[in-house]
Amino acid sequence: MKKSILAALLGTCFATSAVAQSSVQIYGIADAGVMFQKGGPTKIFSGGADGSRLGFKGTEDIGNGYKAIFNLEARIELDTGTQQPTLMNDNPGTYLLRGMNGIPPTILSRLQNLLQPPGGPAVNQERALFDRTAMVGLITPVGAVLLGRMYTPGYEVFNMADTFESGTAGQWGHITGGTAGFTALGADIRSQEAIQYRIALPNGIGGSVMYGPKGSGYLGRYNKFRAGAITYKANGFDVGVGYNHGYDQQDRPSLRTTTVGGSYTMNQFKFFAGFHSQRNTNSALLADYIGGWDAGVAPVLAQQGVPAANQAALRGIFVRAITANTQQDANSYQVGLHYNLGSGRIMTSYAHQNDRTSSNSDADLFALGYDHFLSKRTDIYTVAAIIKNQNDGQYAPGTAGNPGGFTKRPGEDGRALQVGIRHRF
């Protein structure tokens with residue numbers, strides 16, 4: 001994701017008689033550590049600063065400025081050996097169930113377990129082998145076309161602006177997922193079923209556009225997905241503006257995000273700043289939630305002998321509440337810096353999430369860390385983070401590979417200290 005890929009759209013077929021030159025590379029990251037957290041267990045994690053992974057990428061020079069490329073990247077959880085990370089704690093997130101007065105407590109408890117199964121997978125619910133990246137493409141003299149599952153343009157800009165590079169307890173994304181946290185889609189990090197066009201000019205200006213048809217988006221729930229970004233990477237700047245926009249199964253506007261920001265390097269300092277806006281009035285997950293009621297709650301009500309009219313009334317309460325609770329409207333900003341010190345770097349940042357819904361569940365994230373490089377491939381890091389929640393907010397620090405989960409109670413602070421080691425190969 002952090003690499004610049006020369007890209008452009010290929011509009012016509014071509015033929016070449018050049019002798020092919022190809023190469024395939026096996027690469028990966030092994031990252032693990034220990035996290036101490038308030039309101040949750042001390043836990044060994046995989047993917048603290050970077051998600052642990054095993055990847056295969058290759059290129060074939062087919063002549064006349066054309067290259068065929070591919071990239072397959074699998075998630076690996078070093079703590080369990082699986083490909084499905086869990087939350088850092090099992091505290092229940094209560095936001096999605098608010099406003100459901102009239103539904104019996106036993107049914108609310110069942111709904112909580114359906115929405116957030118204790119110990120259940122927090123990422124890669126599809127159990128995909130190459131969940132992180134799976135794409136093939138063609139680079140041409142004027143750019144490239146890529147097909148498959150890839151990072152979205154909007155998320156690439158978000159990553160550029162994040163002081164903690166979308167990793168550790170200090171990453172900006174821990175407070176930008178919406179008040180419902182990981183239980184409601186807050187960002188399209190990747191999109192499957194996508195086609196992307198990328199270009200990077202010698203003067204540092206670059207751009208990308210992405211389109212996904214039915215079945216696209218992070219969880220494949222969109223009827224269609226559109227995204228784009230413009231970037232500038234030169235003279236110490238690594239900045240951009242990105243936009244993602246998904247449409248739900250009824251083709252209504254769903255999650256929309258706009259991100260502006262990046263970094264500027266000056267001597268021993270690297271400064272970061274970013275702004276992120278997210279809005280969602282028609283969650284693409286509503287069908288999943290309502291289907292969960294119909295499959296997991298309705299049969300129980302029927303077994304209990306609840307009259308059909310009462311069942312319909314209870315379902316109506318649920319549908320109205322879950323529809324309102326999945327809506328998002330928030331603006332967020334983050335500032336921070338790195339300071340290179342000998343063989344290491346000091347990292348610090350502040351981020352604020354301004355919740356513009358009636359819940360007004362704002363959050364503030366303060367983070368401080370140190371990253372020490374033992375070699376070009378291996379580093380050890382430690383990061384401390386505090387999230388101050390308001391009202392219904394339950395944001396809790398996590399890692400690059402694990403969402404933090406929730407604080408024990410709404411409005412309670414989330415705190416964490418992490419120590420980890422990362423090795424690239």
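Reader: Hi! Before I look around, what counts as a salt bridge here?
Author: Hello! A salt bridge is a side-chain nitrogen of Lys or Arg within 4 Å of a carboxyl oxygen of Asp or Glu. Keep in mind that this is a predicted model.

Reader: Thanks! How many salt bridges does that rule give?
Author: The count comes to 23 salt bridges. One of them joins the side chains of Arg198 and Glu156, with N and O at 2.8 Å.

Reader: Where do Arg198 and Glu156 lie?
Author: Arg198 is in strand E7 (residues 190-200), and Glu156 is in helix H2 (residues 153-161), so their pairing ties together parts that are 42 residues apart in sequence.

Reader: Are those two buried or exposed?
Author: Arg198 is buried, and Glu156 is buried too.

Reader: Which residue does Arg252 pair with?
Author: Arg252 meets Asp248 in a salt bridge, side chain to side chain, at 2.8 Å from N to O. Asp248 is buried, because its relative accessible area is 2% and buried means under 20%. Arg252 has 31% relative accessibility, so it counts as partly exposed.

Reader: Okay, and what about Arg315?
Author: Arg315 forms a salt bridge with Asp294, and their closest N and O atoms are 2.9 Å apart. This pair links distant parts of the chain, with Arg315 in helix H5 and Asp294 in helix H3, 21 residues apart. Arg315 is partly exposed at 32% relative accessibility, and Asp294 is partly exposed at 36%.

Reader: Which residues do salt bridges with shared partners join into one network?
Author: That network consists of Asp50, Arg53, Glu73, Arg132, Glu165, Arg345, Asp371, Asp379, Arg422 and Arg424.

Reader: You mentioned helix H3. Which of its residues are buried?
Author: H3 covers residues 286-296, and its buried residues are Leu286, Tyr289, Ile290, Trp293 and Gly296. They sit on the same side of H3, because they cover an arc of only 150° around the axis.

Reader: What do the buried residues of H3 pack against?
Author: They pack against three helices: H1 (105-115), H4 (298-303) and H5 (308-325).

Reader: What classes of residue line the largest cavity?
Author: Its lining has 5 nonpolar, 9 polar and 2 charged residues.

Reader: And the second largest cavity, what is its volume?
Author: Its volume is about 70 Å³. Ala49, Phe164, Glu165, Gly167, Thr168, Arg345, Met347, Asp371, Tyr381, Val383 and Arg422 line this second largest cavity.

Reader: How does that lining divide by class?
Author: The lining of the second largest cavity has 5 nonpolar, 2 polar and 4 charged residues. Strands also take part: E14 and strand E16 (378-389) each supply at least two residues.

Note on methods: Residues are numbered from 1 along each chain as its sequence is written. This is a predicted model: local features need pLDDT of at least 70, side-chain atom pairs count only at pLDDT 80 or more; totals for chains, interfaces and linings use all residues. Side-chain values use heavy atoms; hydrogens and water are left out. Ala, Val, Leu, Ile, Met, Phe, Trp, Tyr, Cys and Pro count as nonpolar, Asp, Glu, Lys and Arg as charged, and the others, Gly among them, as polar. On a 1 Å grid over the protein atoms alone, a cavity is a set of points where a 1.4 Å probe fits but cannot get out, and a pocket is an open set with protein on both sides within 12 Å along at least five of seven lines; lining residues have an atom within 4 Å of a point. Grid points are joined across faces, edges and corners, and a volume is the space filled by probe spheres set on the points. Helices (H or I, at least four residues) and strands (E, at least two) are DSSP runs, numbered from the N terminus. Buried means under 20% relative accessible area, exposed over 50%, partly exposed in between (1.4 Å probe, protein chains only). The arc is that of the directions from the helix axis to the C-beta atoms. Contact means heavy atoms within 4.5 Å.
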